[in-house]
Amino acid sequence: MEYFLLLIFLIFSIYAIKVLLRKDFLFAIIYLVFFSYCFFSLFSYVYIPEEVASLGKQYYGELAFYPYLFYCFLFHVLIFLFFLYKRKDRKGFEFTLCSVKKDYLMKTKILYHFIIVSFIVLYLFFLCNTYSSLSYYNQTPLKANPLFFYMFELMILLIIFLFHIARTNIEYRKSNCIYLLIISLLFIITALKCGQRIQLLSLAMGLIVYYICLVKGNFNIKRIIVLSAIILMLIFLLQLIRLTRGNFSNISIQTIIDCFSPFLNLRFYLFQDWFYPPLSLVTAIQKDLITPFAVIISNISIMIPLIPHTSLGSTMSNIVDPIGNRGYGYYYITEGYQFLGGVGVIIYAAFLIALYNLFFKIFTFDDCDLNILIKASFATFILSLVRSQSFSFIKQVVFWFLPILFLYFLFNGKYPTKKRGESKYV
């Protein structure tokens with residue numbers, strides 16, 4: 001019975017993704033990521049309950065599967081229907097870009113270069129001071145310094161931004177390529193040293209969406225091969241990080257073979273980053289964790305930058321394993337359930353569509369190239385939106401995306417002004 005229900009969920013989601021791809025490929029990716037996280041976790045719950053109990057510590061018996069599936073299925077049906085309903089007459093503010101006076105153009109360029117160089121120097125200072133102590137098992141030097149960790153995550157958008165500027169601006173291509181190379185190296189070194197797979201995956205999602213927007217979804221055999229090669233290389237790199245735990249000094253031929261050998265093993269696909277976060281929903285349901293005030297307070301505190309705060313995921317991990325010192329992840333739907341139970345799941349489905357529409361309602365310009373950069377930037381937030389609490393996305397928009405948008409205006413010597421009329425959503 002459980003497998004039959006999962007099959008229905010799978011068939012519906014394939015249909016939904018097919019429809020969404022024709023409407024809005026970026027939202028189709030959001031749906032796919034949400035679905036991937038919960039489906040593999042749901043399948044694991046019935047296929048390998050022993051591992052769910054021993055590794056996930058969140059197995060509550062066979063009957064717990066049904067409410068778990070129900071709320072996951074309900075959420076996916078709702079975001080699909082809400083999106084189609086709101087898409088019909090979606091209008092935006094659409095902004096147009098105006099140029100600053102020529103007298104100020106050189107000053108904005110100088111300020112832009114000063115900011116980028118200062119960023120690189122400060123990050124190098126942090127990295128050099130902590131490099132010897134950084135490892136897969138000791139990420140404290142990175143995460144205990146709020147500014148260091150903020151700069152590390154900001155690099156995801158900065159790399160996409162610099163790639164975009166180098167591609168679209170011939171006059172300053174050389175300097176921006178140098179910046180791109182330095183910042184990419186610093187980011188990769190840090191990510192590999194600490195085993196930060198999620199940040200690498202977020203960057204890859206942004207670049208893939210950028211590429212899809214660039215070719216306008218028109219794929220020939222050559223483009224399909226290029227995209228497939230990039231995805232395979234990404235999977236290989238992520239698997240290599242997982243096997244070596246960030247220690248690349250002991251890589252051997254056998255290690256490389258081991259990276260590819262699990263691809264035909266079903267358990268390889270189950271025990272990925274999506275294994276743990278959705279299980280928090282089972283715990284919330286079974287322990288009746290409906291705490292609206294705790295959800296509100298946590299989301300308010302998370303919006304205050306550079307200060308320590310207790311996330312809902314940390315609280316959930318303490319409930320799952322009070323004496324443990326590891327995290328078990330968190331899930332967007334779990335927050336909805338913790339907010340108001342089943343009603344909260346419905347509210348959070350509508351909230352997701354509202355967030356998505358509002359983002360592109362505000363950040364829509366009459367510049368096709370800029371809109372490509374904006375979509376690629378949004379794609380880097382998808383994983384955080386799915387596997388974290390809702391206000392983390394808003395925080396990323398405010399403290400990660402807006403600085404990048406400011407750099408774009410600064411480099412090009414432009415500023416946005418409101419343009420009335422319907423949004424083109426290019």
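**Packing and burial in a predicted model**

Q: Is Cys194 buried or exposed?
A: This is a predicted model with residues numbered from 1 along each chain as its sequence is written, and its side-chain values use heavy atoms, leaving out hydrogens and water. Local features need pLDDT of at least 70 and side-chain atom pairs count only at pLDDT 80 or more, while totals for chains, interfaces and linings use all residues. Buried means under 20% relative accessible area, exposed over 50% and partly exposed in between, with a 1.4 Å probe and protein chains only. Cys194 has a relative accessible area of 0%, so the residue is buried.

Q: How many disulfides does the structure hold?
A: A disulfide is a pair of cysteine sulfur atoms within 2.5 Å. By that criterion, the number of disulfides in the structure is zero.

Q: What is the relative accessible area of Cys128?
A: Cys128 falls in the exposed class. Its relative accessible area is 59%.

Q: What share of the residues of the protein chain counts as buried?
A: The chain has 19 helices and two strands; these are DSSP runs numbered from the N terminus, helices being H or I of at least four residues and strands E of at least two. Of its 426 residues, the share that counts as buried is 51%.

Q: How are α2 and α9 oriented to each other?
A: The axes of α2 (residues 25–47) and α9 (residues 197–214) come within 11 Å and cross at roughly 150°. Axes are lines fitted to C-alpha atoms, for helices over the stretch in contact, and angles run from 0 to 180 degrees between N-to-C directions. Angles under 35 degrees count as roughly parallel, over 145 as roughly antiparallel, 65 to 115 as roughly perpendicular and the rest as oblique. α2 and α9 are therefore roughly antiparallel.

Q: How many nonpolar residues are in the contact of α2 with α9?
A: Phe25, Leu26, Ile29, Val33 and Tyr37 of α2 meet Ile198, Met205, Val209, Ile212 and Cys213 of α9, where contact means heavy atoms within 4.5 Å. Ala, Val, Leu, Ile, Met, Phe, Trp, Tyr, Cys and Pro count as nonpolar, Asp, Glu, Lys and Arg as charged, and the others, Gly among them, as polar. In the contact of α2 with α9 no residue is polar and none is charged, and the nonpolar count is 10.

Q: How are α14 and α16 oriented to each other?
A: The axes of α14 (292–302) and α16 (residues 332–362) come within 8 Å and cross at roughly 90°. The two helices are therefore roughly perpendicular.

Q: Which residues of α16 make the contact with α14?
A: By class, this contact has five nonpolar, two polar and one charged residues. From α14 come Pro292, Val295, Ile296 and Asn299; from α16 come Glu335, Gln338, Phe339 and Tyr348.

Q: What is the phi of Asp288?
A: Asp288 is found in the loop between α13 (279–286) and α14, and at 53% relative accessibility Asp288 counts as exposed. Most residues other than glycine have a negative phi. Asp288 has a positive phi, near 55°.

Q: What distance separates the C-alpha atoms of Leu97 and Phe365?
A: Leu97 lies in strand β1 (residues 95–99) and is buried, with a relative accessible area of 15%. Leaving aside neighbours within four places in sequence, Leu97 has contacts including Phe365, Asp366, Tyr408 and Pro416. Leu97 and Phe365 are 268 residues apart along the chain, and their C-alpha atoms are separated by 7.4 Å.
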